[in-house]
Every structure is written in structure tokens, then in C-alpha cells.
Amino acid sequence: TAPSNIAVDQLACKIALTGVKVVRLCSKTREEAGGQGEILCLHDMVRKAAPPELRKLQALLDEMGELKERDERRYKQLKTKVELQILESADVICTTCVMAADYRVK
């Protein structure tokens with residue numbers, strides 16, 4: 001993992017220790033790698049806060065490797081909604097410069 005990711009992970013962990021609500025926004029490849037501060041990462045928070053329909057679609061995606069077109073649209077819609085709710089409720093969003101241009105960060 002790149003030094004910038006390690007630095008952002010450490011920063012997010014230290015901020016969280018102060019009681020501030022922090023969310024770590026990672027790239028897709030970083031999501032799969034895991035690491036320090038995983039519970040602060042958006043993808044982990046989404047998994048824990050997912051409504052039943054999103055959980056069902058995620059399980060189906062994990063099992064089958066892909067979804068039908070209609071299910072894929074619904075999955076993306078539900079996931080984006082949960083992601084935005086979590087990001088909007090955060091006091092601080094930690095990310096690298098590259099991910100700062102992500103569509104979810106406005």
C-alpha cells in the first residue's frame with residue numbers, strides 16, 4: 001500500500017480517538033486489501049448499515065459474481081444512498097488526494 005494510504009489510515013484512527021465521527025473513503029482496490037482502521041472505512045460502514053434488500057443483493061452478487069441488469073441498477077441505487085447518508089453524517093472524511101475527486105465527495 002502507498003505511503004499516502006498509510007498516512008490517511010493513521011490520521012483517521014487518531015481523529016476517531018478524539019470522539020469525532022470520521023469516515024475513511026478508500027479506492028476499490030484498497031477496500032479489498034483491508035488494513036488499519038477498517039471499521040472507519042465507508043465500505044465497512046455500508047456493509048453494517050445496509051438495509052435488508054441491499055444485503056440480499058450483495059449476497060447474490062457475492063455468490064453469482066454478477067447481477068441481472070435490473071438488480072444491478074437497484075443495488076447501485078441502494079448502495080449509493082447508504083454511502084451518501086454515512087458521508088453526510090460524518091464530521092470528517094479522510095481520503096487520499098486521488099479519492100478526493102470521487103463523485104461521493106462534493
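1. In α4 of this predicted model, the buried residues are Leu54, Leu57 and Leu61, where buried means under 20% relative accessible area, exposed over 50% and partly exposed in between, with a 1.4 Å probe and protein chains only. An α-helix has 3.6 residues a turn, so residues three or four places apart point the same way.

2. The face of α4 turned away from that buried side carries the exposed residues Pro52, Lys56, Asp62 and Glu63, whereas the cover over the buried residues includes α3 and α5. With 13 residues, α4 reaches 18 Å from its first C-alpha to its last, close to the 18 Å expected at 1.5 Å a residue (1.5 Å times one less than the number of residues). After the helix comes Gly65, whose phi is positive, near 90°.

3. The largest nonpolar core has 17 residues, and those with the most contacts inside it are Val23, Leu42, Val46, Leu54, Tyr75, Val82 and Ile86; such a core is a set of buried Ala, Val, Leu, Ile, Met, Phe, Trp, Tyr and Cys residues joined through side-chain atoms within 4.5 Å. Two or more residues each are given to this core by α3 (42-49), α4 (52-64) and α5 (69-89), and the largest share, five residues, comes from α5.

4. Leaving aside residues up to four places away in sequence, Leu42 touches Val23, Arg24, Leu25, Glu83, Ile86, Leu87 and Arg104, a contact being heavy atoms within 4.5 Å. A second, separate core of seven residues includes Ala12, Cys13, Ile15 and Val22.

5. Read along the sequence, the pattern is α-β-α-α-α-α-β, with five helices and two strands; these are DSSP runs numbered from the N terminus, helices being H or I of at least four residues and strands E of at least two. Among contacts between residues at least 6 apart in sequence, 55% join residues at least 24 apart, and 39% of the 106 residues count as buried.

6. On the basis of the model, residues are numbered from 1 along each chain as its sequence is written, and side-chain values use heavy atoms, with hydrogens and water left out. Local features need pLDDT of at least 70, side-chain atom pairs count only at pLDDT 80 or more, and totals for chains, interfaces and linings use all residues.
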